[in-house]
Amino acid sequence: MMKSLAEREELQRSEVNGGGGGGDDEKWVADSSVDYKGRVPLRASTGAWKASLFIIAIEFGERLSYFGIATSLIIYLTKVLHQELKTAARSVNYWTGVTTLMPLLGGFLADAYFGRYATVLLSSILYVLGLILLTMSATVPSLKSCGSNDQDCTQPRKIHEIFFFLAIYLISLGTGGHKPSLESFGADQFDDDHLEERKKKMSYFNWWNFGLCSGLLFGVTVIVYVQDHIGWGAGDLILTAVMAVSIVIFVIGRPFYRYRQPSGSPLTPLLQVLVAAIRKRKLPHPLNPCLLHEIPKTANNAHGRFLYHTHKLKFLDKAAIYEESGAPAEKESPWRLATVTKVEEMKLILNMIPIWLATLPFGVAVGQTSTFFIKQAANLNREITHGLILPPTTIFCLAAVGMIISLTIYDKLLVPLLRRATGNERGINILQRIGIGMLFVIATMITAAVVEKKRLHVAAENPKTASQTMSVFWLAPQFLIVGIGDGFAIVGLQEYFYDQVPDSMRSLGIAFYLSVIGAGSFLSSLLITAVDNITRRTGKSWFGKDLNSSRLDKFYWLLAAVSAANMCVYVLITRCYSYKNVQRRVVVADCYEDEARENGGSMA
């Protein structure tokens, strides 16, 4: 199949070069993708919005299911399984951490062996199996927490706990393959070397998150209402049905998709570069970078595009130095000789490490929205009118509203204005967008600290009613601000890790973004444990048995201070960052063109 694809692409290029003009380049997609029959895709009938809308639809269904579980999890753990607040918060953080770190494995398998379409399909089936087990744990009498009335039970059945945790971690496993593969599969529907499709791709991540937020809104309103007023089992049953329908929609779109063939382990070429550079560490650097090895520009690069040489991390350049061994360069072992493109891909991964580390405090702060923020809502007055009481997790929908507002204004107003002002086709560069979102998260933590101090004051003045006289809408500002911030930071992280990784690692790239949230959740659990131990020894712990005996306001101030200090570090790192520098198909350039990077620039 790959041989046939290469031959057809070469034929198309020959036709164009032979006087066919740009018509064939418009007609066919020559970015190494194939259609569902293994042929070179027709641009008019595959990919772009006609394909990505199916993918955004399944994202809506999956996120509805995910947030229907995730936002209610801390309520379920404290009310049904009767865990203490800090234990429940740690349980949620562990589950969130596993759910957002599993994509590292799923993304690797998608890129290396299974392909993104097959990985999405298989992982979605696992996801549905997890939802079926979850539904059974809430509806089958012998598996329920404790008889007919869970509220009167102080000790849940062991069999229920086993089925419940097995179900949610099976969902984690399904998410591990589904999340990175689906988002990168959607972005694959746009050709980076086609001007119009490249512009559409920049909007894709915004509309992807619009679908995500829409699923979140339904999850924390309709599903949570069903869980609160009808029962957990009824809610789980709806989630199972929605996810099953999503799979059907995804399969229906099969003829419209563009597919990337799995290229084997994307980690092997990186290791080969490192080994080759170490072997030739004593060789001098060539004075002219054109002497470094690269395959001919006319060759079909099946696994990605060519990259220009850059002058950073020069030690790795030695992997591309050709030794006079008598054998032609094409016959050299890749463990001894790497191409400039492979060397630059290794540099990309190493350059990402400081950015990934600098975004972890953002992941820690965002993790509070599904734990302590929800418990705050549970302790406030949620009555809208007489007899109509909001479920605690419904307040989370304000974060989705904030994100939708942020995305709409950014995509429709700010980007066109900023394109004209800066000349950058993105408006602002990716790292600037992430930094703006991180500033909003600092504001979120400050706002949350002030509101929690007010809530504790009200609770202390009214021992009988505690903070039930204070409206839940006091929490609206912190949810709206974090949602607006997510519209910048979350989308920016998705774009950054998808765009800046090697082309053969794009599912892993989305997994790297998710790992920021996952590692942040684990760090949040460790931070809670550390702060609990330290404050207990120095007096009263900041984390009591319930919210009113805790001092979450001080914890929020701590997170705000850590995030602000980290922001300074982030700015310093981004000022030195160099973006991926791709050789476009439409331009034939020499090896010195890296001096004028099209995306050069950093967050100032």
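Modeller: Happy to! Helices (H or I, at least four residues) are DSSP runs, numbered from the N terminus, as are strands (E, at least two). This is a predicted model, where local features need pLDDT of at least 70 and side-chain atom pairs pLDDT 80 or more, while totals for chains, interfaces and linings use all residues. Residues are numbered from 1 along each chain as its sequence is written, and side-chain values use heavy atoms, leaving out hydrogens and water.

Let's start with H16 (residues 430-461) and H17 (residues 476-500), which pack at about 155° with axes 7 Å apart (axes are lines fitted to C-alpha atoms over the stretch in contact; angles run from 0 to 180 degrees between N-to-C directions). H16 is therefore roughly antiparallel to H17 (angles over 145 degrees). H16 passes H17 in a left-handed crossing (the near helix is turned anticlockwise from the far one by less than a right angle). Their contact has 18 nonpolar, 7 polar and 3 charged residues (Ala, Val, Leu, Ile, Met, Phe, Trp, Tyr, Cys and Pro count as nonpolar, Asp, Glu, Lys and Arg as charged, the others, Gly among them, as polar).

Now for H7 (residues 116-139) and H8 (residues 158-187): they pack at about 160°, with axes 7 Å apart, and are therefore roughly antiparallel to each other. H7 passes H8 in a left-handed crossing, and the contact of H7 with H8 holds 19 nonpolar, 12 polar and 1 charged residues.

Terms used: Angles under 35 degrees count as roughly parallel, over 145 as roughly antiparallel, 65 to 115 as roughly perpendicular and the rest as oblique.
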